[in-house]
Amino acid sequence: MTDKCDGVVSGLRLWEWRNRAIAQAVAHDISPAEVDWLLLEVGDLDRLGLRLESFKQRADIPMSLPLENLEQLWERRLNEHLPVQYIAGVTPWRNFKIAVSNAVLIPRPETEYLIDLAVAAGNNGSAAPLLSSGHWADLGTGSGAIALGLADALPKATIHAVDYSPEALKIAQSNACNLGFDYRIKFYQGCWWEPLTALKGQFSGMVSNPPYIPTTTVATLQPEVVNHEPHLALDGGTDGLDCIRQLIEISPDYLRPGGVWLIEMMAGQADTVQRLLQQQGSYSNIQIYQDLAGIERFAVASISG
């Protein structure tokens with residue numbers, strides 16, 4: 001957000017606000033580190049200057065929004081649990097800085113591993129030439145994070161990113177353009193594979209972080225999620241597996257023999273997902289992978305043939 005300057009504030013005034021915000025964060029059981037991360041995003045500041053508090057001596061510090069607006073947004077962080085990423089309008093993900101709004105889920109660090117799994121599949125023996133190039137799909141792209149990760153990691157591939165939400169697609173397209181991947185990623189509005197029927201049977205791989213939270217569980221999520229992130233991207237139906245079932249059933253029509261099917265899921269779903277893949281009959285080499293917390297988070301399979 002620091003590309004555009006909408007306000008200037010004295011170092012002393014910003015120092016006073018920072019101290020006050022940190023105290024408020026502690027009182028509200030929010031990590032004080034959020035204050036400095038936010039200031040680095042919205043102000044012309046650096047980590048060393050914040051740590052040494054040397055910015056206090058500066059007469060003028062350019063800001064991407066007036067301090068009054070920042071104060072109002074910070075009040076919403078404290079009282080309404082507005083995620084700090086939505087305040088800054090950006091979040092770090094892999095080696096990118098990705099724009100976000102409440103039209104998209106905030107990309108989680110654990111989701112980064114999907115890209116590593118896709119790359120590992122793309123380096124897998126005799127199938128490597130097929131998987132490292134050709135067409136890949138990111139279904140339910142949201143902010144475009146996975147599509148960007150795939151485009152970066154698989155430079156010979158063409159990425160097709162689909163989302164049901166027009167608002168989400170605008171953000172994803174903007175991210176692709178800002179990061180220089182707009183010529184590698186094609187965007188489509190629609191439901192899962194539907195916009196890609198012209199390429200049936202031609203995809204080397206599919207990656208998706210679909211809605212997978214059971215409907216009754218959504219309301220119990222932390223306030224930052226349930227009150228601000230789009231429920232369309234969270235609610236996976238009664239058992240959380242509605243979308244995953246669709247992706248298991250439909251994807252073999254779109255993927256080439258040897259193509260990769262790769263999704264993220266929530267804790268406790270791995271056994272059911274593995275069984276559904278086996279019962280469908282089109283998948284082989286079904287594997288479950290854990291995230292860094294040891295949760296069975298990812299399912300990978302190949303299309304038989």
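Residues L14, W17, R18, A21, I22 and A25 of helix α1 meet V35, D36 and L39 of helix α2, where contact means heavy atoms within 4.5 Å. The residues of this contact divide into seven nonpolar, no polar and two charged. Here Ala, Val, Leu, Ile, Met, Phe, Trp, Tyr, Cys and Pro count as nonpolar, Asp, Glu, Lys and Arg as charged, and the others, Gly among them, as polar. The model is predicted: local features need pLDDT of at least 70, side-chain atom pairs count only at pLDDT 80 or more, and totals for chains, interfaces and linings use all residues. Residues are numbered from 1 along each chain as its sequence is written, and side-chain values use heavy atoms, with hydrogens and water left out.

**Helices α1 and α2**

- Helix α1 covers residues 11-27 and helix α2 residues 33-42; they pack at an angle of about 145°, and their axes are 8 Å apart.
- Axes are lines fitted to C-alpha atoms, for helices over the stretch in contact, and angles run from 0 to 180 degrees between N-to-C directions.
- Helices (H or I, at least four residues) and strands (E, at least two) are DSSP runs, numbered from the N terminus.
- Eight of the 10 residues of α2 are buried, so this helix is largely enclosed by the rest of the structure.
- Buried means under 20% relative accessible area, exposed over 50%, and partly exposed in between (1.4 Å probe, protein chains only).
- The buried residues of α2 are E34, V35, W37, L38, L39, L40, E41 and V42.

**A25 and its contacts**

- A25 lies in helix α1 and is buried, at 0% relative accessibility.
- Neighbours within four places in sequence aside, A25 is in contact with I30, S31, P32, V35, W74 and L78.
- One of these residues, W74, is 49 residues from A25 in sequence, and the two are 9.6 Å apart in space, C-alpha to C-alpha.

**The sheet**

- Seven strands form an open sheet of mixed pairing, in the order β7-β6-β5-β8-β9-β11-β10.
- Two strands pair if DSSP finds at least two bridges between them.
- Strands β7 and β10 are the edges, each pairing on one side only.
- From one strand to the next, the twist averages 15°.
- Strands of a sheet pair through backbone hydrogen bonds, either parallel or antiparallel.
- Strand β5 (residues 133-139) pairs with strand β6 (residues 156-163) in the parallel sense, over seven bridges.
- W136 stands opposite I159 in β6.
- Helix α9 (residues 166-178) lies across β6 and β7 and runs at about 170° to β7.
- Helix α12 also packs on the sheet, where it touches β5, β8, β9 and β10; its direction makes about 170° with that of β9.

**Aromatic rings**

- The structure holds six aromatic pairs.
- Rings of Phe, Tyr and Trp (its six-membered ring) pair if their centres lie within 6.5 Å; planes under 30 degrees apart count as stacked, over 60 as edge-to-face and the rest as tilted.
- W193 and Y254 form a stacked pair, at 4.6 Å centre to centre with 15° between the planes.
- W193 lies in the loop between β7 (185-189) and β8 (203-208), and Y254 in the loop between α12 (242-250) and β9 (255-264), so the pair ties together parts that are 61 residues apart in sequence.
- W193 is buried at a relative accessible area of 1%, and Y254 is buried at 5%.
- W261 and Y283 have ring centres 5.8 Å apart and planes at 65°, so their pair is edge-to-face.
- W261 lies in strand β9 and Y283 in strand β10 (residues 283-290), so this pair ties together parts that are 22 residues apart in sequence.
- W261 is buried at 0% relative accessibility, and Y283 is buried at 7%.
- Ring pairs also link W193, F203 and Y254 into a cluster.
- K56 lies over the face of W15, at 3.7 Å from the ring centre.
- A charge sits over a ring if NZ of Lys or CZ of Arg is within 6 Å of the ring centre and within 35 degrees of the ring normal.

**Positive phi angles**

- Most residues other than glycine have a negative phi.
- R94 is not a glycine, yet has a positive phi of about 50°.
- R94 sits in the loop between β3 (90-93) and β4 (96-99) and is partly exposed, at 30% relative accessibility.
- N285 is not a glycine either, and has a positive phi of about 50°.
- N285 is found in strand β10 and is partly exposed, with a relative accessible area of 46%.
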